[in-house]
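I opened a new structure today and kept notes as I went. The entries follow the order in which I looked things up.

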Amino acid sequence: MRATTIHAPGDIRFEEVPDPRIEEPTDAIVKVVAGCICGSDLWPYRGHNDIDPGSTIGHECVGVVEEVGSDVRDIRTGDFVIVPFDHCDNTCAHCRAGAHSACDELGFTESGQAEYSRVTQADGSLVATDGMPDDALIPSLLTLSDVMATGWHAAVAAGVRPGGTAVVVGDGAVGLCGVLAAAQLGAERVIAMSRHEPRQELARRFGATDIVAERGKEGAERVAELTGGVGADAVLECVGTDQAMKTAFAVARPGSTVGFVGVPHGVELPVRRMFQRNVGLAGGMAPVRRYLPELLDLVTSGTIEPGLVFDLTLPMEQSPEGYRAMDERRAIKVLLQP
Ligand SMILES: [Zn+2]
Ligand SMILES: [Zn+2]
């Protein structure tokens, strides 16, 4: 098959690689209908993560089941499925506790920007739609493989409740989905921290009531002004840098929780401030499968349209250009069509 691969920082190719195949009886092979580039794909692209040269890259996709292993019972060939980036059995003790991203049988999508992708634990991981979805729904369904579920997880972990104030740090696709999640979960005020005009606009469309363009200390002061000096009831940290985490704790009111979903890179926690102000930290890698049934309902009913985060669609063979566009922040999120 043809797949997006990474050879070195900045060196993305679309090239022939071996087809994925059923390796375990619980596997499925999915023919990708749409894939996309994630903010976390930019970490290796920018040289911040180790790279296995020539390996496939991409962990977000939706598609049609092409083949299933002999132990797969619920998912069938021909089903249109959401593929969570993190695969799970949905039955072990951790899954039953809602911590699917720490499943005993955890696996990951490894070729989401390719023609085919292997899914481990197909019955536990995959959620099928009721028949083939309308083309117009595909971008929103695609966000459920990671960014919308991850933004939702940030909001749940932060304890967003009806009537409260939520602050979202980060205006990437996950942060924007976090805004949508916080609004959907009933936050009365959703403050999006964003400096970029098109992202501010989308944040408003997703339910942001206020935008704070300032960063760091000034950003925190602005949030303090907006909240009468109290701070936010819930904070969603959707970046993963030390600065974003510091901002998150600076705007959190005493007794609140920061929900963090940005993959941490060089983060040092302000433990003393957390202690003095009783601010907690919760979250981590999103248990996508846990939220899928609910999010699928919200998308198919038209209640939410997270697919609006895609502002560039390219044929899959142009995935290298997709990476450049996201790296240079010319695009919020890139959808790739095989
Ligand atoms: Zn992702
Ligand atoms: Zn499990």
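**Entry 1: two loop residues**

I began with N90, which I found in the loop between strand 7 (86-87) and helix 2 (93-96). I noted that I was reading a predicted model. The phi of N90 is near 65 degrees, a positive value in a residue other than glycine. I wrote down the background: most residues other than glycine have a negative phi. Is N90 buried or exposed? I counted 20 C-beta neighbours inside 10 Å, so N90 counts as buried. The cut-off for buried is 20 or more.

I then turned to Q121, in the loop between strand 9 and helix 3 (122-125). Q121 is not a glycine, yet its phi is positive, about 50 degrees. Q121 has 27 C-beta neighbours inside 10 Å and therefore counts as buried.

Next I looked up strand 3 (residues 28-36). Seven of its nine residues are buried, so strand 3 is largely enclosed by the rest of the structure.

- I picked out G35, whose bridge partner in strand 5 is C61.

I moved on to an open sheet of six strands, paired in parallel, in the order 13-12-11-14-15-16. Which strands form its edges? They are strand 13 (210-212) and strand 16 (280-283), each of which pairs on one side only. On average, neighbouring strands of this sheet are turned by 25 degrees against each other, direction ignored.

I checked one pair in more detail. Strand 15 and strand 16 are parallel and share four bridges, and T257 stands opposite G280 of strand 16. Helix 5 packs on the sheet, where it touches strand 11, strand 14, strand 15 and strand 16. The direction of helix 5 makes about 145 degrees with that of strand 16.

Helix 8 also went into my notes. Helix 8 lies across strand 11, strand 12 (189-193), strand 13 and strand 14, and runs at about 155 degrees to strand 13.

**Entry 2: helix 9**

How many of the ten residues of helix 9 are buried? Helix 9 (residues 242-251) is mostly covered, and I found eight of the ten buried. Among them are M245, K246 and F249. The buried residues of helix 9 pack against three strands that I recorded by name: strand 11 (165-169), strand 14 (232-237) and strand 15 (252-260). They also pack against helix 8 (216-226) and helix 10 (271-277).

**Entry 3: helix 5 against helix 11**

I came back to helix 5 (residues 147-157) to see how it sits against helix 11. Their axes are 10 Å apart, and the two helices pack at an angle of about 100 degrees. That makes helix 5 roughly perpendicular to helix 11, because angles of 65 to 115 degrees count as such. From helix 5 the contact takes M148, A149, W152 and H153. From helix 11 it takes V288, Y291, L292 and L295. I sorted the residues of this contact by class and got seven nonpolar, one polar and no charged.

**Entry 4: the two domains**

Last, I looked at the domain assignment. It gives domain 1 as 2-146 + 287-337 and domain 2 as 148-283. Taken over C-alpha atoms, the centres of domain 1 and domain 2 are separated by 26 Å. The contact is made by 18 residues from domain 1 and 17 residues from domain 2.

Which element gives the largest share of the side of domain 1 that touches domain 2? I found that helix 11 (residues 288-300) does, with four residues. By class, the residues on that side of domain 1 are twelve nonpolar, four polar and two charged.

Technical notes: Residues are numbered from 1 along each chain as its sequence is written. Chains are lettered from A and ligands numbered from 1 in the order in which they are written. This is a predicted model: local features need pLDDT of at least 70, side-chain atom pairs count only at pLDDT 80 or more; totals for chains, interfaces and linings use all residues. A residue is buried if 20 or more other C-beta atoms lie within 10 Å of its own, exposed if 12 or fewer, and partly exposed in between; C-beta atoms are placed from the backbone. Two residues are in contact if their C-beta atoms, placed from the backbone, lie within 7 Å. Domain bounds come from an automatic or database domain assignment. Ala, Val, Leu, Ile, Met, Phe, Trp, Tyr, Cys and Pro count as nonpolar, Asp, Glu, Lys and Arg as charged, and the others, Gly among them, as polar. Two strands pair if DSSP finds at least two bridges between them. Axes are lines fitted to C-alpha atoms, for helices over the stretch in contact, and angles run from 0 to 180 degrees between N-to-C directions. Angles under 35 degrees count as roughly parallel, over 145 as roughly antiparallel, 65 to 115 as roughly perpendicular and the rest as oblique.
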